[in-house]
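Work through the exercises below with the sequence and the structure open. Each task is followed by a solution in steps.

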Amino acid sequence: MRQINRIAVLGAGVMGATIAAHLANAGLDVLLLDIVPKELDEKEKGQGLTLDSPFVRNRIAQNGLQGLMKMKPAPFYLVDYARQIEVGNLEDDLGKLKECDWVIEVVVEYMPIKLDLLKKLVPHLAPGTILSTNTSGLSVNEMAEVLPDEVRKNFLATHFFNPPRYMRLMEIVPCTDTDPEIMHGLADFIASRLGKGIVYAKDTTNFIANRIGTYAIFKGIQHMLDMGLSVEEVDAVAGPATARPKSAAFRTADLVGLDTLAHVATNSHDLLPDDEERDVFKLPDFMVKMIDGGQLGNKTRQGFYKKEVVDGKRKIFYLDYNSGKYVPLEKPKFPSILAVKQVDDAAQKLKMVVSGSDKGAEFAWKSIRDTLIYALNRIPEISDDVVNIDNAMRWGFNWEIGPFEMFDAIGVGDFIKRAEKDGIAVPEKLKSVESFYRFSDTGLKEYYDLLKGEYAAVPVKEGQVQLEILKKGGKVVEKNGNCSVIDLGDGVFGFEFHSKMNAISGDILAMTHKAINRAETEGVGLVIGNRGVNFSVGANLMMMAVAMAEGAYDDINMVLRAFQKATMAVKYAKVPVVTAPFNMTLGGGAEFCLHADSINAYAETYMGLVEIGVGLLPAGGGTKEMSMRAINLASQFNTDVQPFIIKNFEQIAMAKVSMGAAELASMGYMRKGDSITMDIDQLLADAKQKVLALAVNYRPGRRADNLSAPGRGIASAIKSQLWNMKMGNFITEYEAEMGTIIATVMCGGDVNPGTLITEDYLLQLERESFLKLAGNKKTAERIQHMLKRGKPLRN
């Protein structure tokens, strides 16, 4: 397959523009085209422009690009990446398609318009150019009929999910003439460069994720009406308690838009006459009224939920579908749901809930039972295997586990018995299955192939590091309840956190030294990474809260020393240490990263030193490290250290968190030589390769003992700013005090500028200042407040 460097996106609506933005995120050059306006707007008339003016002719595409700048969540990793997008129109600029390696059609979801455009652009495609449609469910083969043979082999559907930056799923659907080599080559490119999870679907209405996801929502509505449940009660069950996202059913509908959801459901109803559950997709009367009344969800600020300000406070209301009125949230408390609040494992939660005896558990069982049977009956109609369907639902609808993983969680045998007891016809093919997934004797993960009636290996990308398989294969060399040391091969060891929320505990700190020693004595380097929900939310402060309440400050000091020893062991190991952060990497998790030789971050890494949120400062070496980085930058460029200190101080004092890995360089967290991985499946493999590269000529560092302290002058300047903010009522006296203490540590204490200090001295200041803040009554109150609200404590 030809190299892909320049891509055209045809259609600059929300979907087309956000696809263009994500292509720019990947470092690709993008041509964004849309139609030519048919009339001038008032601004253009005032400027004396005409319909022939280039500004006017490109207006729609330009507006699409400009709209990206205001969009939330942000579609760009960095706003500067917008410069990689060139705008134009579908009349003047079709000739530029000859310069493009891949052309993506993203116009309105209406077949006649798509067909007209496809015919129009064919003469402008260079030989070998890949052409794809972003349709969410229209027939790919019907579109292919208007294309010449030489273009058909390069034509397929590439269905991005909205928003493209954040939704991992990419459904790839070939036409009958698509060249398999082209399809798989493009799939590899999309996975590695765009970070997408690839699912191969068939040319059927709504493909995989929308077909099953929409069914699950509408079948849930049927059971809701039959059982007399409320919208809020359904969402209490259909969310994390049953391995689905926090948006559950109706918040998801509001997010997607009721008109969009209705369009997908109507397509299924109208175009699938042989579907045994066709009537499920028929819109209920109350939903038709909502759409007719403009209650479309978030886009119209009212749907199944509505936010209003009452007596100066924001309140959320849900729709009573019987009366059509919005009523206050009642926070339903089903015992089955409350019982799994502290359970992390998605499969275990699901099994516990459907085994309950209350009304919420009954709804969970009935709705999931029917959804799983529906998904089973879609093989081989929409996909030939369970893996693609499970991946589609996890990546496209944010389910924690897919339908066939749910079968295994409940137990296939138990599912059959209970469904038959309900009088439900269970498909015969299910009765031959013991489980849909298993591990072979060699630790290989396998899935049950329903078409062949035998187990087959779950596909794994070449070079991918899978911790689950390595652990099953006996590669764990050290382990305790919260972490493991794993042999990743080639002399590289992996240090995996697997505590609750990957919070850093005492046994993780102790194991850090063992992991480093293992790498130093038996290997060439260490990767610190895992495949949890988040890299780490930081140190669990529950024990710290207890110690503070008891006044056990010697114990707190001991914990701080252990944390600092662990991060310093990472920094000064005799072999390279690389961290592989992803998603939330906060507090202590960020401190581990700051002390590593290199960071190989997933593109969606949200990193920050957030300890001030609980009234403390980073004391696992984080404050010290940000001070040292400021000092070293000033020394490197022979310039004043004050701007660097103030910038790093503000990040700690304001608990700034990156909105993606691309921001970490400007924050000073990532340095030259650090890297970003788009495909999370390759994150650990990329980190391992970085270790191997560093190991070739590795030179261990030495503790700094001649740092030039910024001194009391810079600390005084910061304190003066804090005083002004306090006097202006922008911050409280307590916040000013916290800021003053952090500034003092970062400036090396109460010393003259240029005083030589050591790294260990800064660590000592960290500990002393942490203990001072820990003894503050307001800090204890803040922590207790977070505990009462059920917030996870992180440091």
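**Exercise 1. State how many helices and strands the chain has.**

Solution. Take helices (H or I, at least four residues) and strands (E, at least two) as DSSP runs, numbered from the N terminus. The chain then has 31 helices and 25 strands. The model is predicted: local features need pLDDT of at least 70, side-chain atom pairs count only at pLDDT 80 or more, and totals for chains, interfaces and linings use all residues. Residues are numbered from 1 along each chain as its sequence is written, and side-chain values use heavy atoms, with hydrogens and water left out.

**Exercise 2. Compare the radius of gyration of the chain with that of a compact globule.**

Solution. The radius is taken over C-alpha atoms, and the globule rule is 2.2 Å times the number of residues to the power 0.38. For 795 residues the rule gives a value near 28 Å; the chain has 28 Å, so the two agree. Along the principal axes, the C-alpha atoms fill a box of roughly 80 × 75 × 65 Å.

**Exercise 3. Find which residues have the most contacts inside the largest nonpolar core, then list the contacts of F404.**

Solution. A nonpolar core is a set of buried Ala, Val, Leu, Ile, Met, Phe, Trp, Tyr and Cys residues joined through side-chain atoms within 4.5 Å. Buried means under 20% relative accessible area, exposed over 50%, and partly exposed in between (1.4 Å probe, protein chains only). Of the 795 residues, 55% are buried. The largest core has 118 residues, and L97, F404 and F436 have the most contacts inside it. With contact meaning heavy atoms within 4.5 Å, and neighbours within four places in sequence left aside, F404 touches A375, L376, I379, V386, I389, D390, F436 and Y437. A second, separate core has 102 residues, including M667, A704, I757 and L773.

**Exercise 4. Are N398 and N583 buried or partly exposed?**

Solution. N398, not a glycine, has a positive phi near 60 degrees and lies in the loop between α17 and α18 (403-410). Its relative accessibility is 40%, so N398 counts as partly exposed. N583, also not a glycine, has a positive phi of about 50 degrees and belongs to strand β20 (residues 583-586). Because its relative accessibility is 21%, N583 counts as partly exposed.
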